[in-house]
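Hi,

Here is the structure I promised to pass on. Please open it alongside this note, and then read on for what turned up.

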Amino acid sequence: MGTGSIRRGGGALEDIVSIAPVGEPRQKITVASLREKKLQHQPITCLTAYDYASARLVDEASIDIVLVGDSLAMTMLGYPDTLSVTVDEMLHHTKAVRRGVKHAMLVADMPYGSYHVGADDALRNAARFVKEAGTEVVKIEGGEKRADLIRRVLDAEIPVAGHIGLTPQSVNVMGGYKVQGKSLAEIEQLMRDAVALDRAGVAFLVLEGIPREVASMITAEVATPTIGIGAGPDCDGQVLVFHDILNLTFTPPAKFVRRYGDAAALITDAAHAFREDVIAHQYPADRESYHLSKETQQALETVLERKRGMRR
Ligand code: KIV
């Protein structure tokens with residue numbers, strides 16, 4: 001894509017500052033443009049997406065980051081938590097999302113087990129996300145203790161996003177999905193985590209399920225853009241899960257979720273209406289049917305008439 005736009009633009013290589021084709025109104029979101037947004041105090045927007053249609057709609061709504069979250073384990077695959085989703089399952093969804101995203105930054109979660117066994121294994125898995133699914137940034141959960149691993153992945157030219165606070169892949173260690181960073185010791189650890197990932201050079205830092213005051217302190221402390229979910233309004237950006245904002249989760253929403261639409265009601269109503277129309281012979285109507293041409297219809301009539309005559 002980059003090479004194509006350079007050729008089309010015809011400019012000298014040193015003049016090319018963006019891989020977006022010249023004249024395109026919306027710029028491609030990059031690691032550098034996220035940093036710029038933080039500096040300019042422009043809020044960063046991020047939504048999850050797990051398939052082509054949702055990714056395309058989210059991208060066309062000018063959302064900055066499309067995240068193929070491992071939350072797809074629950075939202076798309078019906079698992080009880082994120083732990084069992086595999087690299088292959090994540091890749092399957094990320095490839096579909098890739099085809100729907102043009103301008104947003106495409107980020108994919110490294111699932112549980114894909115970076116816990118060893119650095120070489122983690123690198124191999126991260127490279128699969130880039131080579132097989134066109135992922136621009138991989139997200140890895142965990143703070144200070146992941147800093148060395150994150151540096152290794154960055155050394156392999158793969159941008160990494162961090163994720164600290166309530167990290168769903170640690171659900172069994174945390175003893176449930178609990179708000180983190182409530183005691184002074186936990187706040188201190190969260191600050192160390194944030195600073196370690198900031199120094200390692202992550203593209204952005206997801207802060208999940210922590211008090212507003214702590215998220216605010218971290219955001220002021222680090223140069224990395226922070227993206228909050230259940231972390232209050234003082235982060236550099238906000239992320240929500242696609243299924244949460246559209247009432248597609250079948251569970252009561254968490255405190256931080258705001259519903260922006262009711263896709264469950266829309267889909268349920270449409271399914272009921274379709275069923276009723278079919279049962280009442282109201283669907284399909286004649287205008288929704290294909291027809292033979294007049295000539296073919298006449299020829300068919302002639303053939304059928306001849307057959308009926310032979311039977312008499
Ligand atoms: O998996 C996911 O959807 C996430 C977001 C909630 C940040 O990691």
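At what angle do α5 and α6 pack, and how far apart are their axes? The angle is about 30 degrees, and the axes are 9 Å apart. Keep in mind that this is a predicted model.

**Helix α5 and α6**

α5 passes α6 in a crossing that is right-handed. On the α5 side, the residues that meet α6 are Val87, Leu91, Thr94, Lys95 and Arg98. Facing them in α6 are Asn125, Arg128, Phe129, Glu132 and Ala133. By class, this contact of α5 with α6 divides into four nonpolar, two polar and four charged residues.

**Helix α5 itself**

α5 covers residues 87–100, which makes 14 residues. At 1.5 Å a residue the helix should span 20 Å. Its end C-alpha atoms are 20 Å apart, so the two values agree.

Which residues of α5 are buried? They are Val87, Met90, Leu91, His93, Thr94, Val97 and Gly100.

**Helix α5 and α3**

The axes of α3 and α5 come within 7 Å. They cross at roughly 40 degrees. The two helices are therefore oblique to each other. Their crossing is right-handed. From α3, the contact uses Tyr52, Ala53, Ala55, Arg56 and Asp59. From α5, it uses Ala96, Val97, Arg99 and Gly100. The classes here are five nonpolar, one polar and three charged.

Take a look at Ala96, which sits in helix α5. Is Ala96 buried, partly exposed or exposed? It counts as partly exposed, because it has 18 C-beta neighbours inside 10 Å. Leaving aside residues up to four places away in sequence, Ala96 touches Asp51 and Tyr52.

**Backbone points to check by eye**

Start with Glu157. This residue lies in the loop between α7 (147–155) and β5 (160–165). Its phi is positive, about 70 degrees, although Glu157 is not a glycine. With 8 C-beta neighbours inside 10 Å, Glu157 counts as exposed. Glu157 and Ala96 are 61 residues apart along the chain, and their C-alpha atoms are separated by 23 Å.

Next is Asn247. Where does Asn247 lie? It is in the loop between α11 (242–245) and α12. Asn247 is not a glycine, yet it has a positive phi of about 55 degrees. Its 18 C-beta neighbours inside 10 Å make Asn247 partly exposed.

Then there is a cis peptide bond, running from Tyr283 to Pro284. Its omega is near -5 degrees. Pro284 is found in the loop between α12 (263–279) and α13 (294–311).

**One more loop residue**

Gln27 is placed in the loop between α1 (2–9) and α2 (31–39). It has 12 C-beta neighbours inside 10 Å, so Gln27 counts as exposed. Gln27 and Arg258 are 231 residues apart in sequence. In space, the C-alpha atoms of Gln27 and Arg258 are 28 Å apart.

That is the handover.

Best wishes

Notes
Residues numbered from 1 in each chain as written. Predicted model: local features only at pLDDT ≥ 70, side-chain atom pairs only at ≥ 80, totals over all residues. Helix = DSSP H or I, 4+ residues; strand = E, 2+ residues; numbered from the N terminus. Expected span 1.5 Å × (residues − 1). Buried ≥ 20, exposed ≤ 12 C-beta atoms within 10 Å, placed from the backbone. Axes fitted to C-alpha atoms, helices over the stretch in contact; angles between N-to-C directions. Parallel < 35°, antiparallel > 145°, perpendicular 65-115°, else oblique. Left-handed = near helix turned anticlockwise from the far one by under 90°. Contact = placed C-beta atoms within 7 Å. Nonpolar A, V, L, I, M, F, W, Y, C, P; charged D, E, K, R; others polar.
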